[in-house]
Amino acid sequence: DYAKFQKRTPDICVPDDQKNKLRETPWGNIRYIDYKKQIEFEKEQYDELFEYVRDKPIEIFASVWDRKSVDFMKKYTSIMKVGSALINDLELCKYARQNSDLFLISTGMSNEVEIEQCINASDPDVIMHTNSTYPCPVAELNLNYINWLSNKWKKDIGYSGHEYGLVTTFAAVAMGCSWIERHITLERTMWGSDHLASVEPALGEATPRKVYKSELAKRKSLRGC
């Protein structure tokens, strides 16, 4: 239903002690602040993205990391999310809430007090259970926290999964989650921190069946042709 991006203002979001550290990237060894700016989508890219989905059955929104990013995204969409890393920034959460019609938060890397403070301050429409480890060990998913959130807050509960595979995500749906978020990648071996915990495309196309290259050896051994 949605493709969710991340929107940051790197000069604000990157800690000062990290800005000048060198990082090995596909563009060579560059300062961390320059790397973050290199990968950040700005107006030109978002204009193209929203134009692309104009006649398609999918919408776009973003996790916002600072007030300038809220101001930027509200020109495009009325849906916003504050991710796990920033739900302790109550002013940001309240500002995103004020500037969105549908507001989501994730609860990773937070204790119960921090989660309560965020919900009481910003009244999110959707609370997403998550573990912020990439990839997350299955033993630490704690899916029963979905029931805790549902019983405690009487809001839409979601699940943001960063584990290998989809079976536990299916379980979250069976437990009542009405929102599901998973990272998508073209290939898990690509460069970057999130790809390993992401899901690769599996749907393919609704077209006549063809024989895939990976099937040729088995076809030869079982059919002889």
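A disulfide is a pair of cysteine sulfur atoms within 2.5 Å. The structure is a predicted model, in which local features need pLDDT of at least 70 and side-chain atom pairs count only at pLDDT 80 or more, while totals for chains, interfaces and linings use all residues. Residues are numbered from 1 along each chain as its sequence is written, and side-chain values use heavy atoms, with hydrogens and water left out.

**View 1. The cysteines C136 and C177.** By the disulfide rule, the count is zero. C136 takes part in no disulfide, and the nearest cysteine sulfur, in C177, lies 14 Å away. The sulfur of C177 is therefore too far from its closest partner, in C136, for a bond. C136 is buried (under 20% relative accessible area; exposed is over 50%, and partly exposed in between; 1.4 Å probe, protein chains only), because its relative accessibility is 4%. C177 is also buried, at 7%.

**View 2. The largest nonpolar core, around M73.** A nonpolar core is a set of buried Ala, Val, Leu, Ile, Met, Phe, Trp, Tyr and Cys residues joined through side-chain atoms within 4.5 Å. The largest has 34 residues, and M73 and V82 have the most contacts inside it. Beyond its neighbours within four places in sequence, M73 is in contact (heavy atoms within 4.5 Å) with K7, Y46, F50, F61, A62, V64 and M80. Another core, of seven residues, lies apart from this one and includes I79, L102, V126 and M128.

**View 3. The exposed residue F170.** F170 belongs to helix 9, residues 167-174 (a DSSP run of H or I, at least four residues, numbered from the N terminus). Because its relative accessibility is 52%, F170 counts as exposed.

Notes:
Helices (H or I, at least four residues) and strands (E, at least two) are DSSP runs, numbered from the N terminus.
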